[in-house]
Amino acid sequence: MSAQNTGQRYPFIDLLKVILTVGIVLRHATLAGVAGRSRAFDLFSLGVESVTEVCVPLFFILSGFLYFRNVPARPGAGYFWDKTRRRVTSLLVPYLIANVVAFVLYWLAHRFAPGMLSGFLGDDWRNPLFIFVTGPVNLSLWFIRDLIIACLLAPLFYLFVRYTRIWGIIALGVVWFAVDSSPLYNFWFAIGAWAAVCQGERTGRFLDSVRCKVPLDAAAWCFFIYLYHYIPAISFKKLLVAAVEPQSFFALAGTYLATALLTLGLVTGVYWLLKKTAPRLTGVLVGGKI
């Protein structure tokens, strides 16, 4: 079945999102700058960072594919307007809410526990324009911000991959690898767009052929974790380092893994509680993914 002609759910993509989301949490649970160091743990951390380096690029690829998977042969302005309108609900509103929550948490921490989040944002969170310029307030949401920009530029991405095909992707990749200032989403989002626009049938058959089982709300859970994990991860790592004062490899590794597990546990617990008690609110928070 063609990926261009269906809005079906692909369980394999949901499974990838779960794996990548856990990878993002592991990446942000790192103890760099807040704990002692050991050579063995530095190598361990480097290994984790190297593996999880692929998470955000893969998220951009998936986003590009999912945006264009049902694109018609000749999309008009109405197609892109409808997509943009939907992204307001699915991306922009959750992005703004998550940043407001982050702002409130930073304010509370600054007032009642100034050492809890110090060293991660300074006083930039006070700047009203920070969320739109050099931020966002919730630093991990730079991906969502750039994804919103990519979606606004979707007609250009479509024309680019439609007429340059694989050669345009290769050229954009060369630019991305050669120019550090090149926006990350350009290359990776374009790969996803190319997979949908130029390889829709083949990509759709591959995704259909991969059999796996994931919960129906896996995408919603992943999005909620991504939106709200960053500040808990910072808080847990600081609390655990202060309590344990890890120095050896095993103490550092245990503190690191405990930070990741506690973060996942807390945010998952909040998600399930909200889903059970306030499903409408939860739907808004995750952009209508449930």
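Me: In which helix is the place of R162?

Reply: Good place to begin! This is a predicted model, where local features need pLDDT of at least 70, side-chain atom pairs count only at pLDDT 80 or more, and totals for chains, interfaces and linings use all residues. Residues are numbered from 1 along each chain as its sequence is written, and side-chain values use heavy atoms, leaving out hydrogens and water. Helices are DSSP runs (H or I, at least four residues), numbered from the N terminus. R162 lies within residues 154-178, which form helix α6.

Me: Is R162 buried, exposed or partly exposed?

Reply: Buried means under 20% relative accessible area, exposed means over 50%, and partly exposed is in between (1.4 Å probe, protein chains only). R162 has 30% relative accessibility, so R162 counts as partly exposed.

Me: Leaving aside neighbours within four places in sequence, which residues is R162 in contact with?

Reply: Contact means heavy atoms within 4.5 Å. A73 is 89 residues away from R162 along the chain, yet their C-alpha atoms are separated by 9.9 Å. Leaving aside neighbours within four places in sequence, the contacts of R162 are A73 and V197.

Me: How far apart are the end C-alpha atoms of helix α1?

Reply: The expected span of a helix is 1.5 Å times one less than its number of residues. Helix α1 (residues 11-28) has 18 residues, so it should span 26 Å. The model agrees, as the end C-alpha atoms of α1 are apart by 26 Å.

Me: Which helices do the buried residues of α1 pack against?

Reply: The buried residues of α1 include F12, L20 and H28. Their packing partners are α2 (39-52), α3 (55-68), α8 (200-209), α9 (218-228), α10 (230-244) and α11 (249-277).

Terms used:
Helix = DSSP H or I, 4+ residues; strand = E, 2+ residues; numbered from the N terminus.
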